[in-house]
Amino acid sequence: MKKKIIAVILASAMLIASLSACGNSGGSSDSGSASSGSSAADTSADAGSESADTGSDTQSDAGAAGGEEITLTIWDWDEAHLNHMTQWYMEKYPNVKIETLVVAATDYFQKFQSAVASGSGVPDIVLSEMAYRGRLFDLGVLEDLSKEPYNVKAEDMFDFANRLGAGPNGELYGVEQQICPSGFAYRRDLAKEYLGTDDPDEIADMISSWDKLFEVGQQVVEKSGGKVTVFPGMTVLKDVLINKNVRDYIDGDTIDLTGRYTDVLETATKFNQAGILGKQEDSTPAMANSYAAGEVLFYPCAPWSLKWGVATNDPDGSGNWGLTKAPEDGFTYGGTSVSIYSGSENKDAAWQYIQEVYCTGEGVEEAYKQFGFMTGFKAPYESSDSYFFTEKGQYDDFFGGQNLADYFINKIAITTQGQVQTKHESNVRTALTNVATQMTGNPSMTTEEALEALKTEVQTLIPNATIK
């Protein structure tokens, strides 16, 4: 990472007194598909050499050549990544066998909760999608990675990664599988036609505030005769707005919706009443089809979105896409955390795997080159000669030759904030989606009406909550 950028990041990290990710992951497979790994020959003796980078004082026998035979279990929904990285790891550490189970993201929490309740079959390494992350953290069955023997330090990770993995009292329950700092993906042809440029920095300046983006939205709708909109729809805009300017607003069962979401709903109402948004609902076939149809200028875009959002839905669009900053600071979009089950008999080996594949080990480079995954730890980005910046990413050409990793890290991640995930967060987000859908159907809805609707929705989902 460029030195001046690292200086900014480290300075920001010092402000953190304590520790405070694909919600929209792609690649889901059917629940219950299982495979088990087998050992392969590799006599590397320097296993765990990356431990110091993440603060661990211990090293599992799993990494030592000829060490004790160990079996790890992992559940995941991204079958391609799971199979490739576990095989890669077993080749490096031949005494480790990894048994995997492919579980659909929509089934994961319930299946995990059932395994914990029964006391058997719980995986050593646990994934948490953003949709249920806070509820899984609240089960009280995950290791606190900020404590011995893991000792992960806040300053070793991006601020948003710390907060996305944090418990309500500063615990660290997970590290990011792949980071989710986000900007906007945009169609270059539409940008040239309606904005006069497809340069990402020029566009970032044109939409550097929500007022400026609003003006751009009006301009696009007017010039296109209503055929093109600035954003797919209200539910998608909601995903962006609720992840910007974040702050803690849930204290146990007390939820301050007024303090947290009044500004969000004011901006949403302004865009909605002006008629400058599309009608596509998030994660629907209509939204997927809009990428290739050329109906929308901007889409929220995290590193995982390059494949699952853009390239998958516009396979013939290579070269016609760009990445730019969203108004104000970066925001998180989706995300998956990786944790250790506190009842595991192989915690050291599980932690070594996590360090190697998701933190600072050689597996981080392998995952980036094969799948575009980017770690939430800063160390791999510290040098401007890092492979993240010097080697072409999988989707750089698809995005017009843009160095996407450099843009995500040095222009977006350093200003991205993360919302601590409590047990009630997922219900609040469900309520926000319901309100956004109501706003789509009723463009005249005011901010006050939207806020009251939100309070009603949350109270229905969390009857014992005190709503402010």
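Before I start, residues are numbered from 1 along each chain as its sequence is written, and side-chain values use heavy atoms, with hydrogens and water left out. Since the model is predicted, local features need pLDDT of at least 70 and side-chain atom pairs count only at pLDDT 80 or more, while totals for chains, interfaces and linings use all residues.

Let me begin with the aromatic rings. A search of the whole structure finds 28 aromatic pairs, where rings of Phe, Tyr and Trp (its six-membered ring) pair if their centres lie within 6.5 Å, and planes under 30 degrees apart count as stacked, over 60 as edge-to-face and the rest as tilted. One of them is the edge-to-face pair of Trp-75 and Tyr-108, with 5.8 Å centre to centre and 75° between the planes. This pair links distant parts of the chain, 33 residues apart, with Trp-75 in strand β2 (residues 70–76) and Tyr-108 in helix α3 (residues 105–118); helices (H or I, at least four residues) and strands (E, at least two) are DSSP runs, numbered from the N terminus. Are these two residues buried or exposed? Trp-75 is buried, with a relative accessible area of 7%, and Tyr-108 is buried too, at 0%, where buried means under 20% relative accessible area, exposed over 50%, and partly exposed in between (1.4 Å probe, protein chains only).

Now compare the rings of Tyr-368 and Tyr-387, whose centres are 6.3 Å apart and whose planes stand at 40°, so that this pair is tilted. Because Tyr-368 lies in helix α14 (residues 362–371) and Tyr-387 in helix α15 (residues 387–390), the pair ties together parts that are 19 residues apart in sequence.

Next come two helices. The axes of helix α2 (residues 79–92) and helix α13 (residues 347–359) come within 11 Å and cross at roughly 110°, the axes being lines fitted to C-alpha atoms, for helices over the stretch in contact, with angles from 0 to 180 degrees between N-to-C directions. That makes α2 roughly perpendicular to α13, since angles of 65 to 115 degrees count as roughly perpendicular, under 35 as roughly parallel, over 145 as roughly antiparallel and the rest as oblique. Where they meet, with contact meaning heavy atoms within 4.5 Å, the residues include His-81, Trp-88 and Tyr-89 in α2, and Gln-352, Tyr-353 and Glu-356 in α13.

Helix α16 (residues 404–412) is mostly covered, for eight of its nine residues are buried, among them Tyr-407 and Phe-408.

Finally, the backbone. The peptide bond from Glu-148 to Pro-149 is cis, with omega near 0°, and Pro-149 sits in the loop between α4 (133–137) and α5 (159–164). Asn-245 has a positive phi of about 55° although it is not a glycine, and this residue is partly exposed, with a relative accessible area of 41%.
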